[in-house]
Amino acid sequence: MTVCEYSPGLEGIPAAQSSISYVDGKNGILEYRGIRIEELAVKSTFLETAYLLIWGKLPTQDELSEFETDILYHRRIKYSIRDMMKCFPETGHPMDALQTSAAALGLFYARRALDDPTYIRQAVVRLLAKIPTMVAAFKLMRKGNDPVQPNDDLGYSANFLYMLTERPPDPLAARIFDVCLTLHAEHTINASTFSAMVTASTLTDPYAVVASAVGTLAGPLHGGANEEVLVMLEEIGSKENVLPYVEKCIANKHKIMGFGHRVYKVKDPRATILQSLAQELFAATGYDDYYDIAVELENVIAEKLGSKGIYPNVDFYSGLVYRKLGIPNDLFTPVFAIARVAGWLAHWKEQLAVNRIFRPTQVYQGEHNLPYIPIEARVVAIDSNGNK
Ligand code: CMC
């Protein structure tokens, strides 16, 4: 075994061999199973893309229809899961509600047969079908309202918007939302996918795999950034304030949300597509004043930080699109999770075929052979400010 140098954040360390997706960060290229994201955004649908990611090939018409029908059939959640969700605090973050609910699925579907393709397919279908229903249900239940039942006449994305907003969305909104899901479906081994893979490597159930990935996606350096972007745009407030805001952030070494990426050193191709979706949506449904601030921010950051490879990432324009679609701010990251379930499951399935439990090593920095000091002999350390 080759001994690698310690790399903080595991930067540059391969953790798997994979054929699910490919990112070229210098040239801004993203492919799912070899197909460019720009092509999938225009020609595919989220469910077809999920099938492609998980089963490694584009489905035939029959395969796709069967997959869509299976998912439609499994969208409802059990009453006991809804009852459980009713007990969640209304102030709880929807990502925490989602993590708990996803983990709870493992209690209700406890059979685990990781070598049975029928079991694998059922788990994939259940997770893709039920996660959107749970996200929408919590949105209504935290206000004391009953959740809206899935509508069998609506497709995957239209049905989610319907359950969320309690009215059928117009076709443009449903299509744009579906493209957003496709764009967020997979992105190689990022933090949440790695989390899914580590959990999966113990051969636990897929609901635990997805729950642990949801917990990882929630953080502001990962999926949580999309929520923070709108807060930041509101704080900036006007185009004139953009330059002083950026200068202050740089001087104080504050990260600007929605910018920078471990892999992309140019504008994230998904941000480019999301920006044009935002423009399309605004042209049809009315402008968002914060869009001008966002564009100005992108320009100022290109000038100030472009030399470091800091450009908009996927989270920068997504919030503006989601807000226009009627999605509340704190549901942006759960929406990211709805999409990313496809990628997590693709990695889960790929890894099962060649599984080895993850067990990295560490560079120990501590001491050795210290004596055990009895409690009455221990001295309280006090720093120069008098703090214990
Ligand atoms: N604003 C200002 N400076 C930045 C930013 C930013 N958003 N991102 C990176 N930098 C600077 C950073 O200060 C550092 O400069 P220096 O070399 O002078 O110290 C340099 O660029 C490298 O940054 P890093 O933090 O070492 O890079 P990383 O690869 O560890 O972090 C990142 C990547 C995404 C965590 C980081 O860019 C960041 O915190 N961005 C803001 C949060 C965000 O938008 N996250 C969403 C990521 S994309 C979607 C997803 O993964 O979920």
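What follows is a walk around the ligand site.

Modeller: Happy to! Please keep in mind that this is a predicted model. Let's begin with the location: the ligand sits in the largest pocket. Around the ligand there are 20 residues, and those that come nearest are His222, Lys255, Ile256, Arg262 and Lys308. If you sort this shell by class, you find ten nonpolar residues, six polar ones and four charged ones.

Arg262, already named among the nearest residues, places a polar side-chain atom 2.7 Å from an oxygen atom of the ligand. The backbone takes part as well: a polar backbone atom of Gly258 is 2.8 Å from an oxygen atom of the ligand. On the nitrogen side, look at Leu221, where a polar backbone atom lies 3.2 Å from a nitrogen atom of the ligand.

- Arg262, side chain, to a ligand oxygen: 2.7 Å
- Gly258, backbone, to a ligand oxygen: 2.8 Å
- Leu221, backbone, to a ligand nitrogen: 3.2 Å

How much of the ligand does the protein bury? Taken alone, the ligand exposes 930 Å², and the protein buries 70% of that area.

Notes: Residues numbered from 1 in each chain as written. Predicted model: local features only at pLDDT ≥ 70, side-chain atom pairs only at ≥ 80, totals over all residues. Heavy atoms only, no water. Near = heavy atom within 4 Å. Polar contact = N/O pair within 3.5 Å; in protein donor to acceptor, adjacent residues only side chain to side chain. Areas by Shrake-Rupley, 256 points an atom, 1.4 Å probe, with all protein chains shown as cover. 1 Å grid on protein atoms, 1.4 Å probe; cavity = no way out; pocket = protein on both sides within 12 Å on 5 of 7 lines; lining within 4 Å. Sits in = over half its atoms within 2 Å of the grid points. Nonpolar A, V, L, I, M, F, W, Y, C, P; charged D, E, K, R; others polar.
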